[in-house]
Amino acid sequence: MAEFWLQFLLTIDATLRVATPLILCAMAGIFSERSGIIDISLEGKMLMSAFAAASVAAVTGQPWLALLVAIGVSVFLSLIHGFACITHRGNQVVSGLAINILASGLTVTLGIAFFAQGGQTPFLKGDQRFSPITLPFADAIRDIPFLGPIYAEVISGHNIIVWIALLAVVVTSLVMMRTRFGLRLRAVGEKPEAVDTAGISVVLMRYQAVIIAGVLCGIAGAYLSIAHGAGFVREMTAGKGYIALAAMIFGNWRPLQALYACLMFGFLDAVAARVQGLELPLIGEVSSDLILALPYVLTVIFLAGFIGRATPPAAIGAPYVKER
Amino acid sequence: MSTTLPRWIDIGVLPLLNILAAFIVSGIIIAIIGENPFTALGVMLKGAFVYKGALGYTLFYTTNFIFTGLAVAVAFHATLFNIGGEGQAMMGGLGIGLLVLALDAVVPAFLLIMLAIPVSALMGAAWGAVPGYLQAKRGSHVVITTIMFNFIASSIMVWLLAGTLMEQGQMAPETRDFAEGVGLFKFHEIAGMMGIKVARSPLNLSFVIALIAAFGVWVLIWRTRLGYVIRATGHSEKAAVYAGHSPQRIIIITMAISGGLAGMMALNEILGVQHKLILDFTSGFGFTGIAVALMGRNHPVGIIFASLLFGALYQGGAELDFEFQTITREMVLMIQGLIILFSGALVYMFNPMVERLYHRIVGPEKGAA
């Protein structure tokens with residue numbers, strides 16, 4: 001029993017690690033989409049900033065500087081997205097897709113030019129990355145039955161970005177629901193004409209929203225390459241940006257629900273890694289490939305209205321044209 | 001977006017300006033890396049058209065892009081955005097694979113090939129029709145659903161190819177080879193039979209099928225009742241309802257046609273070259289279809305030219321691997337991203353500038369007419 005309990009806790013621990021980039025990107029998506037700008041470029045922004053973070057960390061050895069540069073790069077991509085979608089009223093899906101494809105080409109191209117290691121960055125060690133933080137007394141109380149392992153395995157031993165991600169949910173929730181800025185942001189995504197009539201710039205609000213999204217994606221990218229991982233490998237986001245998008249939709253564009261969706265999708269991922277080839281009664285051999293497809297299947301079912309009701313922002317995807 | 005520019009500028013000059021912008025930015029990035037962009041361009045052009053067999057390879061890639069580009073374009077005419085080309089092509093390939101693996105011991109090769117063509121289209125159509133249905137009847141947005149369907153298709157492929165369908169005693173996730181003769185003729189083989197020597201290349205009969213499909217799409221969209229209704233639905237769903245059509249039905253049909261075209265891309269890769277089912281044979285060509293459709297302005301003729309450009313980019317990009325230490329074919333992905341950005345998302349950026357310039361030269365009265 002104790003062995004099973006430990007395994008379970010380790011799975012929960014892994015869930016948090018896997019869910020961290022999802023949570024950050026889902027919050028990014030919420031900011032952007034609640035303001036009316038579709039953002040399928042979470043993936044590309046995360047990939048590009050993962051590369052930037054790993055490059056800077058490898059050259060300077062400063063993880064905090066790497067994080068900053070990662071955020072800068074991601075925000076730059078956000079601004080391109082904004083320039084195309086807000087200023088030039090281009091198609092938001094096309095723009096997002098362009099950024100994703102650009103990022104997968106550019107990371108490998110620059111990676112080879114900078115480091116000549118087939119698109120990877122040098123392996124990072126020690127102080128070059130964010131290491132796990134062992135909370136006080138973790139080892140001392142590990143042996144206390146039941147609660148000890150929870151503290152030692154699940155709560156302690158995460159790097160700082162895991163905590164930033166959880167904090168981001170709280171902040172997103174407060175900003176969205178409890179501040180004037182949040183109210184305006186949501187209004188811009190529901191009925192931009194009304195916001196415009198009130199004398200608030202729709203364009204400015206939307207730019208602010210995509211910039212915040214850029215910051216959050218930048219942190220997520222840095223997490224992948226200099227906190228969770230130890231360097232950049234090509235295509236290292238591996239669809240996580242799209243899973244985050246799915247989680248955001250599954251959470252109905254709301255921060256807390258999106259957090260739960262991210263944790264659920266992260267849990268599926270963590271379980272899938274542990275059950276490959278396991279024989280279960282009645283079901284037969286478990287396939288981790290199919291478990292990994294579950295987030296997408298669930299999102300499709302949710303969107304189709306079979307569980308709950310999806311309510312996207314009313315003005316999403318529609319460029320705002322000011323009346324003359 | 002209304003424009004006072006004559007047609008030749010709108011469909012000729014502006015798209016060229018957009019591509020030019022994409023290439024200039026690419027050139028700047030190449031220069032930053034420390035290589036000469038013009039040398040790189042030269043290598044790509046030679047790699048795409050001049051070397052032995054190069055043109056065959058270029059047209060081989062072109063074939064993929066014609067299929068996926070047409071798929072995106074057909075959906076665009078009904079203002080549907082199908083980014084599920086990847087998944088639909090995978091399913092097309094899966095259909096071909098299952099059909100051939102099940103029957104190649106008993107059914108003659110020629111008959112099997114004739115069956116494989118509609119099967120690839122039907123499987124792709126099914127994988128496109130479901131998101132279409134979900135949009136039409138359940139209100140879930142086709143963009144998100146098709147993204148999700150790409151991942152679901154990819155998981156199914158991994159599951160099958162690393163499991164049930166994987167050849168015994170094999171480590172790579174692929175099936176056994178199809179029986180001898182189950183494959184589309186290659187051009188160098190056909191030319192050889194006629195006594196003409198042509199360099200070996202993977203170019204096969206799918207190219208002809210793709211051209212026929214392009215003609216078929218032109219007929220469908222501009223010369224049939226269904227095509228008219230598709231375009232009408234795209235312009236205004238309400239108008240289509242008033243005219244007595246069901247937009248829901250049209251959405252499902254359009255997505256099915258779109259998916260079917262994407263599914264046929266598998267003919268080129270699976271039945272034309274691989275002669276077995278492999279993982280990831282779509283290699284992002286479904287997404288490239290979006291760039292192709294945008295550049296080709298959703299017209300089959302434009303799509304063929306855009307496909308040729310991308311075919312040359314892909315084949316020329318492969319050549320970069322050999323010639324340069326620091327530039328690889330991923331450079332092509334970057335250029336592709338920039339092209340989608342400039343000729344898709346920023347498509348109107350140059351309009352005001354060109355308009356001003358045009359009116360200064362021609363005079364406002366004539367331009368406004």
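Student: In which loop does A:Asn252 lie?

Tutor: The model before us is a predicted one. In chain A, A:Asn252 belongs to the loop that runs between helix H10 (240–250) and helix H11 (255–275).

Student: Is A:Asn252 buried, partly exposed or exposed, and what is its phi?

Tutor: A residue is buried at 20 or more other C-beta atoms within 10 Å and exposed at 12 or fewer. A:Asn252 has 15 such atoms within 10 Å, and is therefore partly exposed. Most residues other than glycine have a negative phi. A:Asn252, which is not a glycine, has a positive phi, near 55 degrees.

Student: Which helix does H1(A) meet through A:Pro21 and A:Leu22, and at what angle do the two pack?

Tutor: Helix H1 (residues 2–34) of chain A packs on H10(A), with the axes 8 Å apart. From H1(A), the contact includes A:Pro21, A:Leu22, A:Cys25 and A:Ala26, and from H10(A) it includes A:Ile243, A:Ala244, A:Ala247 and A:Met248. By class, the residues of this contact are 10 nonpolar, 2 polar and 1 charged. The partner is H10(A), and the angle is about 60 degrees.

Student: Which residues does A:Ala247 contact beyond its neighbours within four places in sequence, and which residues touch the most other members of the largest nonpolar core?

Tutor: Apart from those neighbours, A:Ala247 is in contact with A:Leu22, A:Ala26, A:Ala258, A:Ala261, A:Cys262 and A:Phe265. The largest nonpolar core has 220 residues, and those that touch the most other members are A:Ala53, A:Leu216 and A:Ala247.

Student: Are H3(A) and H4(A) roughly parallel or roughly antiparallel?

Tutor: The axes of helix H3 (residues 63–87) and helix H4 (residues 92–115) of chain A come within 9 Å and cross at roughly 150 degrees. Angles over 145 degrees count as roughly antiparallel. H3(A) and H4(A) are therefore roughly antiparallel.

Student: Which residues of H3(A) and H4(A) meet, and how do they divide by class?

Tutor: A:Leu77, A:Ile80, A:His81, A:Ala84 and A:Cys85 of H3(A) face A:Gln92, A:Ser95, A:Gly96 and A:Ile99 of H4(A) in this contact. By class, the contact has 5 nonpolar, 4 polar and no charged residues.

Student: How many residues does each chain bring to the contact between chains A and B, and which helix supplies the largest share on the side of chain B?

Tutor: Chain B brings 38 residues and chain A brings 36 residues. By class, the side of chain B has 27 nonpolar, 9 polar and 2 charged residues. The largest share of that side, 12 residues, comes from H15(B).

Student: How does H15(B) lie relative to H1(B)?

Tutor: The axes of helix H1 (residues 7–33) of chain B and H15(B) come within 8 Å and cross at roughly 140 degrees. The crossing is right-handed. Angles over 145 degrees would count as roughly antiparallel, so H1(B) and H15(B) are oblique to each other.

Student: How many residues of H13(B) are buried, and what phi does B:Arg297 take just after this helix?

Tutor: H13(B) is mostly covered, with 11 of its 11 residues buried; B:Phe285, B:Ile290 and B:Met295 are among them. Just after H13(B), the phi of B:Arg297 is positive, about 50 degrees.

Student: Where does B:His275 lie, and is this residue buried, partly exposed or exposed?

Tutor: B:His275 has a positive phi of about 55 degrees and is not a glycine. In chain B, B:His275 lies in the loop between helix H12 (265–274) and H13. With 18 other C-beta atoms within 10 Å, B:His275 is partly exposed.

How values were computed:
Residues are numbered from 1 along each chain as its sequence is written. Chains are lettered from A and ligands numbered from 1 in the order in which they are written. This is a predicted model: local features need pLDDT of at least 70, side-chain atom pairs count only at pLDDT 80 or more; totals for chains, interfaces and linings use all residues. A nonpolar core is a set of buried Ala, Val, Leu, Ile, Met, Phe, Trp, Tyr and Cys residues joined through C-beta atoms within 7 Å. Two residues are in contact if their C-beta atoms, placed from the backbone, lie within 7 Å. Helices (H or I, at least four residues) and strands (E, at least two) are DSSP runs, numbered from the N terminus. Ala, Val, Leu, Ile, Met, Phe, Trp, Tyr, Cys and Pro count as nonpolar, Asp, Glu, Lys and Arg as charged, and the others, Gly among them, as polar. Axes are lines fitted to C-alpha atoms, for helices over the stretch in contact, and angles run from 0 to 180 degrees between N-to-C directions. Angles under 35 degrees count as roughly parallel, over 145 as roughly antiparallel, 65 to 115 as roughly perpendicular and the rest as oblique. A crossing is left-handed if the near helix is turned anticlockwise from the far one by less than a right angle, and right-handed if clockwise.
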